[in-house]
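This report describes how one protein chain is packed. Please keep the sequence and the structure in view while reading.

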Amino acid sequence: MAVFADEAEVYEYLGGVFRIGMADPDLVAKLQPSGVVLRITYTNPDAVLTVDMPNSEIHTGAGQGPDPNIELFMSADTGNRFWLGKVILPVAMAKGDVRAKGPVSKVLKLLPIAKQLFGPYKAKLEAEGREDLLKA
């Protein structure tokens with residue numbers, strides 16, 4: 001069974017981690033020069049996030065935001081486990097749990113920056129009493 005009840009929860013939590021990152025001027029300064037426009041298509045439940053790093057914008061919903069230069073495809077559960085630090089992205093890609101389209105090397109270069117958001121993501125789940133997501 002999927003840990004997220006619906007698309008709105010995916011945007012609240014998985015989109016929320018990107019909002020946390022975009023509120024941090026130090027992270028934004030590292031992300032903007034990457035040129036990455038990342039679209040993540042989640043399943044179970046279906047949701048689409050587009051993160052425009054050069055412009056520090058987050059768009060929710062299919063067809064929203066600029067065209068991506070990198071796309072990732074995964075279940076929302078895998079996305080949740082990634083932000084909890086339980087998924088190693090290159091391994092998940094090798095196993096087929098995460099599919100990628102575009103210059104994957106750019107995403108892999110951003111992993112050290114992404115890891116800085118693991119703590120804030122977990123803290124948000126704890127603060128909101130989301131034991132179901134923490135144990136996933």
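How many of the eight residues of H3 are buried? Seven of them are, so H3 is largely enclosed by the rest of the structure.

## Basis of the model

The model is predicted: local features need pLDDT of at least 70, side-chain atom pairs count only at pLDDT 80 or more, and totals for chains, interfaces and linings use all residues. Residues are numbered from 1 along each chain as its sequence is written, and side-chain values use heavy atoms, with hydrogens and water left out.

## Helix H3 and its contact with H6

The buried residues of H3 (residues 76-83) are Ala-76, Asp-77, Thr-78, Gly-79, Asn-80, Phe-82 and Trp-83. Buried means under 20% relative accessible area, exposed over 50%, and partly exposed in between, using a 1.4 Å probe and protein chains only. Helices (H or I, at least four residues) and strands (E, at least two) are DSSP runs, numbered from the N terminus. Gly-85, whose phi is positive and near 80°, follows H3.

The axes of H3 and H6 (residues 118-127) come within 8 Å and cross at roughly 115°. Axes are lines fitted to C-alpha atoms, for helices over the stretch in contact, with angles from 0 to 180 degrees between N-to-C directions. H3 is therefore roughly perpendicular to H6; under 35 degrees counts as roughly parallel, over 145 as roughly antiparallel, 65 to 115 as roughly perpendicular and the rest as oblique. Asn-80, Phe-82 and Trp-83 of H3 meet Phe-118, Tyr-121 and Leu-125 of H6, where contact means heavy atoms within 4.5 Å. Five of the residues in this contact are nonpolar, one is polar and none is charged. Here Ala, Val, Leu, Ile, Met, Phe, Trp, Tyr, Cys and Pro count as nonpolar, Asp, Glu, Lys and Arg as charged, and the others, Gly among them, as polar.

## The buried side of H6

Phe-118, Tyr-121, Lys-124 and Leu-125 are the buried residues in H6. They lie on the same side of H6 because they cover an arc of only 130° around the axis, the arc being that of the directions from the helix axis to the C-beta atoms. Their cover includes H1, H3, H5 (104-114) and H7 (131-134).

Lys-124 has a relative accessible area of 18%. Apart from neighbours within four places in sequence, Lys-124 is in contact with Glu-12, Tyr-13 and Ile-20. Just after H6, Gly-129 takes a positive phi of about 65°.

## Nonpolar core

The largest nonpolar core has 42 residues, and Phe-4, Leu-14, Tyr-42, Trp-83 and Tyr-121 have the most contacts inside it. Helix H1 (residues 7-22) supplies the largest share of this core, seven residues. Such a core is a set of buried Ala, Val, Leu, Ile, Met, Phe, Trp, Tyr and Cys residues joined through side-chain atoms within 4.5 Å.

Not counting residues up to four places away in sequence, Tyr-42 touches Val-10, Leu-14, Ala-47, Leu-49, Met-74, Ser-75, Ala-76 and Gly-79.

## Loops

The loop between strands E1 (37-43) and E2 (47-52) holds Pro-45 as well as Asn-44. The peptide bond from Asn-44 to Pro-45 is cis, with omega near 0°. Asn-44 has a positive phi near 55° and is exposed, at 52% relative accessibility.

Asn-69 lies in the loop between E3 (57-60) and E4 (70-75) and is partly exposed, at 33%. The C-alpha atoms of Asn-69 and Val-36 are separated by 6.5 Å, although these residues are 33 residues apart along the chain.
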